[in-house]
Amino acid sequence: MLLIIAVANVAGVVFAGEPGLDATPHGAERVIDFWLFDLVHARGYPVFAVMFGYGVVQLARRQEAAGATPEHIRSVLLRRNAWLVVFGLVHAVSLYYGDFLAAYGIVGIVMTLVLLRRGDRFHRIVPVIWALMLVEVVVIAALVTSRLIVGGSSGAAGLPSKHVDSLAATNYAASVLDRLGEWPVHTLTVLPFILITWLGMWAARRRVLEEPTRHRTLLRWTAGLGLGIAVAGGLPAALIAAGTLHVDESAAGLALTLHGASGMFAGPGYVALFGLVAARVARPGPVVGALSALGRRSLSGYLAQSVAWLVLLAPFTLALGGRFGSPTVTGLVVAVAVWLGTVVAADRLDRRGRPGPAEYVLRRLTYGPRGQSGL
């Protein structure tokens, strides 16, 4: 999950855009751009969103098992999510504009107040909403197809990409000022992912990931349909990004809209795939153990990535993206290397029985110095 996030974010950092896109790819860059748009861009954050919703239910369930009252559980969740908003503000202003922590915090507060104590009948609404979203994807796909048929396949337009000033700033102070303006807008645009977190909450209420063997059929269908929709919906944008499909501006815009709408289905699709893989792991070895260690320290791993982008890729620091030929290839190598570094660091912390630094601070703020640090 964190690898997907790293690869998605680093492209935007290297090209100072959203989405990150090389307008004139060549050779291997075309292949990388294709796979980035088909499997990664707009397909990483939905995975985190599903797991965030799942985690809210798990945290409440652990508190309840420890004897906490509903009022106490609600207080803990509200406090934890409020601190996530603060984490997000600090993260965005100091490191990276594309912060999701504050949005998670806001969504978490809404989930705690509106969704957490609802019954099964109410939560049956969310699969219906996702069915309607699938209809929306089909409609957009039909519009893209018809646009290509009537002449949209002739042209030289690229995918629309928004320039991000903070990623191109020539000094740190300027980047901070830019992020102060970019962060609120970005946070508002991603708040609708509450529909994705709600699906994660629905799955957690059924213990889908804790009991993957019992839910194998559901996981298989979710993985196949979710990833199938994401891959098929991302194909037009991926072909345009790779320079294989030539379209006019209208068709390019529709392709990017389809790319984003279908990308939401990658969230449950990837999570279901991970669940199926986990169900087949009878004896977790050192690799699985290290990945699990990072999973338990995902907040620290996520923030470490932003530190790495600032140090390694910013124009006013090492600026590695422009030093070794292809920025696309360099960015991909940096993303994988940084992710591997966080895996190793998390594994070492796990062997010493220590939490990630960000997890430690968040738990301390949520529960206090004598609180339940294990939850």
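A crossing of two helices is called left-handed if the near helix is turned anticlockwise from the far one by less than a right angle, and right-handed if clockwise. By this convention, the crossing of α3 and α5 is right-handed. The model is a predicted one, in which local features need pLDDT of at least 70 and side-chain atom pairs count only at pLDDT 80 or more, while totals for chains, interfaces and linings use all residues. Residues are numbered from 1 along each chain as its sequence is written, and side-chain values use heavy atoms, with hydrogens and water left out.

Helices here are DSSP runs of H or I with at least four residues, strands are runs of E with at least two, and both are numbered from the N terminus. Two packed helices are described by the angle between their axes and the distance between the axes. Axes are lines fitted to C-alpha atoms, for helices over the stretch in contact, and angles run from 0 to 180 degrees between N-to-C directions. For helix α3 (residues 45-65) and helix α5 (residues 101-115), the axes come within 11 Å and cross at roughly 40°. On the α3 side the contact (heavy atoms within 4.5 Å) is made by Tyr45, Phe48, Ala49, Phe52, Gly53 and Val56, and on the α5 side by Tyr104, Gly108 and Met111. These residues divide into 7 nonpolar, 2 polar and no charged; in this scheme Ala, Val, Leu, Ile, Met, Phe, Trp, Tyr, Cys and Pro count as nonpolar, Asp, Glu, Lys and Arg as charged, and the others, Gly among them, as polar.

Helix α15 (residues 298-312) takes part in two further pairings. With helix α1 (residues 2-15), the axes come within 11 Å and the crossing angle is roughly 20°. Angles under 35 degrees count as roughly parallel, over 145 as roughly antiparallel, 65 to 115 as roughly perpendicular and the rest as oblique. The helices α1 and α15 are therefore roughly parallel to each other, and their crossing is right-handed. From α1, the residues Leu2, Ile5, Ala6, Asn9, Val10 and Val13 meet Ser298, Gly301, Tyr302, Gln305 and Trp309 of α15. By class, this contact has 7 nonpolar, 4 polar and no charged residues.

The contact of α15 with α17 divides into 5 nonpolar, 2 polar and 1 charged.

Several backbone features fall in loops. Ala16, in the loop between α1 and β1, has a positive phi of about 50° although it is not a glycine. Buried means under 20% relative accessible area, exposed over 50% and partly exposed in between, with a 1.4 Å probe and protein chains only; at 9%, Ala16 counts as buried. Ala42, in the loop between α2 and α3, likewise has a positive phi, near 60°, but at 28% relative accessibility Ala42 counts as partly exposed. A cis peptide bond joins Glu18 and Pro19, with omega about 0°. Pro19 is placed in the loop between β1 (17-18) and α2 (28-40).

Two buried helix residues are also worth a look. Trp198 in helix α10 (residues 194-205) is buried, with a relative accessible area of 9%. Leaving out residues up to four places away in sequence, Trp198 touches Leu115, Phe122, His123, Ile125, Val126 and Ile129. Thr328 belongs to helix α16 (residues 327-351) and, at 6% relative accessibility, counts as buried. Beyond its neighbours within four places in sequence, Thr328 is in contact with Phe15, Asp22, Glu29, Ile32 and Asp33.

The UniProt record, an unreviewed entry, places the feature "transmembrane region" at several spans, including residues 225-245 and 324-346; annotations of this kind may be inferred rather than shown by experiment, feature names are shortened, and positions are given in the numbering used here. In the model, residues 225-245 are 81% helix and 0% strand, with end C-alpha atoms 25 Å apart. Residues 324-346 are 87% helix and 0% strand, with end C-alpha atoms 29 Å apart.
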